[in-house]
Structures are given as C-alpha cells and as structure tokens.
Amino acid sequence: MKIYDKDLSKDEVIKFVTQHHNNILNNKIDRFHTIINLFDISQGQNVLDYGCGWGVYSFELYKLGFNVTAIDISSNEIDICKTVWSENDKLKFITSKIDDFPSSNFDFVLSNQVIEHVHNPGLYLSQINRVLKLNGFLIISTPNIINPMYIFSMLSPNLEKRLITESEFYLDNYDKTHHHINLWEPTHFNRLLASCGFKLIKYIPTEGVPLPKKLKLKDYIYPKNKYIRNLSYTMTFKFQKVKDVTISPDM
C-alpha cells in the first residue's frame, strides 16, 4: 500500500493513519468536526461516503450509529481502509463508482474535498442526486477561492509566466488524486448545487483564513469575526435534495 506515493507495510499504514485520525480528533478547528456535526441520525441512517480516502469520516459516522458504504476509485485507498478499520455489516469499503448503486438508496451522501478533482461537476452532482432519497442530504466540502492567498496570487506581475509553467507541468504530470482542476466561491457553488436539485440548508466557512506565503506571516489566521471567516480556506455545506435533476453529458 502507498501513502503519499511511499510504499508502506501493513503495520506502518495502520500506525500512520491511526496517528492521522488522532491528530484530527484533537484538532478542534479541523473541518472534520464541522462535517460530522452536520449529520443527524434522526434524518436517516444510510450514508454513502463518496471518495472516502483513508476512511476516517466513514469510521466516525459508523461509530455514531450510521450504516456507512464508503467508496473510492482508488483500490489503494480502499485497501488502506480495510486494513485500518476492517469491515462489518454496517461499514463497507468498496472500490466502486457511484454508477453501481441504485437510485434513491441513501439518506446522506458525504463528499469531502472531492468535487474540485472532478472534470464534470454537473455529472458528479447529478449522480449524487440520483442515489439520494428525496429530501435526503448532501454534506459537501470544497476549497474556497475567495481567500487572501488566492487573491494575492492574482496580483502577481508574472501571472502569465506562472500560468504557462503550470500548463506545461500539468500536461505531463496531472494527478487526479492530488491536483485541483475546479474551484469555486460560495455564491457560484451554491448556484451550481441549486441547478442540480439541491436546496441549501447550512453554509459554514471551515478551517482558517490562509495568508500569502510571500508575506512570511502565519500560514493561517482564525478570526472570530464572522465576516472575515468567510475568507476561509475551505467551505462546508449541507444541502437537501428537493427534486430529481439529471444532467446529461451534452448540457
């Protein structure tokens, strides 16, 4: 199994992911806590963790009493999940695409930092809409481009040169697991989800506000002011499916 492209033994994988899990649990400003708190078992028990990675969220939701099906297109990630967390009747890890599941099958879908890696966001959301029950919930987290670090980068006099360099790099080195190819801010992301049949229930700016690295300040600040918090590095939403919407490839 590989973690960050490094081959690790079974024991090394368990140690690494377990420590990662403990670090998240102990870090009260991590988006993990915000996301988990958006799940309410009185609203349904069946969860699809869509793009589960190392399975930390899946395991925590299982501990809270949910029936969790966790999928990822990476067999390496699924092998890690099975090695670290094991499986049972209420916690399943599957190397699968969402297409393999029947319609109206889940009460919740979790999409944590996945959609920014997707080439066809409309199709991605359409499939989530399909597998969710009517009035089911999508908990989704993604980066926010309206932050000081991103804005500062747009002010560079060498922007064109940087873009050309990036273009050349991504042509030959694109990695779907690690590289972001879509980014939004809250307004347009909300519009995208509404166009795919989802009504916004809750919006939360998550994690800190990232500062430009060239300024040699702290990497993040954690303001109490609710307006400045909207410049957070990531954003988390709870949406409810209110109607069926199918997005076709030619739309």
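This is a predicted model: local features need pLDDT of at least 70, side-chain atom pairs count only at pLDDT 80 or more; totals for chains, interfaces and linings use all residues.
Let me start with helix α1, residues 10–26.

Which residues of α1 are buried? They are Val 13, Val 17, His 21 and Ile 24. Looking down the axis of α1, you find these buried residues within an arc of 60 degrees, so they line one face of the helix. On the face turned away from the buried side, α1 carries the exposed residues Asp 11, Lys 15 and Asn 26. The cover over the buried residues includes β1, α2, α3 and α4.

Next, the sheet. It is open, with seven strands in the order β5-β4-β3-β6-β7-β11-β8, and its pairing is mixed. β5 and β8 are at the edges with a single partner strand each, so one side of each has no neighbour in the sheet. From one strand to the next, the twist averages 15 degrees. β4 and β5 pair in the parallel sense over five bridges, and Val 68 stands opposite Leu 91 in β5. Helix α5 packs on the sheet, and its direction makes about 145 degrees with that of β7.

Last, Asp 175. Where is it? Asp 175 lies in the loop between α7 and α8. Asp 175 is partly exposed, at a relative accessible area of 25%. Its side chain makes a polar contact of 2.9 Å with the side chain of His 178.

How values were computed: Residues are numbered from 1 along each chain as its sequence is written. Side-chain values use heavy atoms; hydrogens and water are left out. Helices (H or I, at least four residues) and strands (E, at least two) are DSSP runs, numbered from the N terminus. The expected span of a helix is 1.5 Å times one less than its number of residues. Buried means under 20% relative accessible area, exposed over 50%, partly exposed in between (1.4 Å probe, protein chains only). The arc is that of the directions from the helix axis to the C-beta atoms. Contact means heavy atoms within 4.5 Å. A polar contact is a pair of N or O atoms within 3.5 Å; within protein, one must be able to donate a hydrogen and the other to accept it, and residues adjacent in sequence count only if both atoms are side-chain atoms. Two strands pair if DSSP finds at least two bridges between them. Axes are lines fitted to C-alpha atoms, for helices over the stretch in contact, and angles run from 0 to 180 degrees between N-to-C directions.
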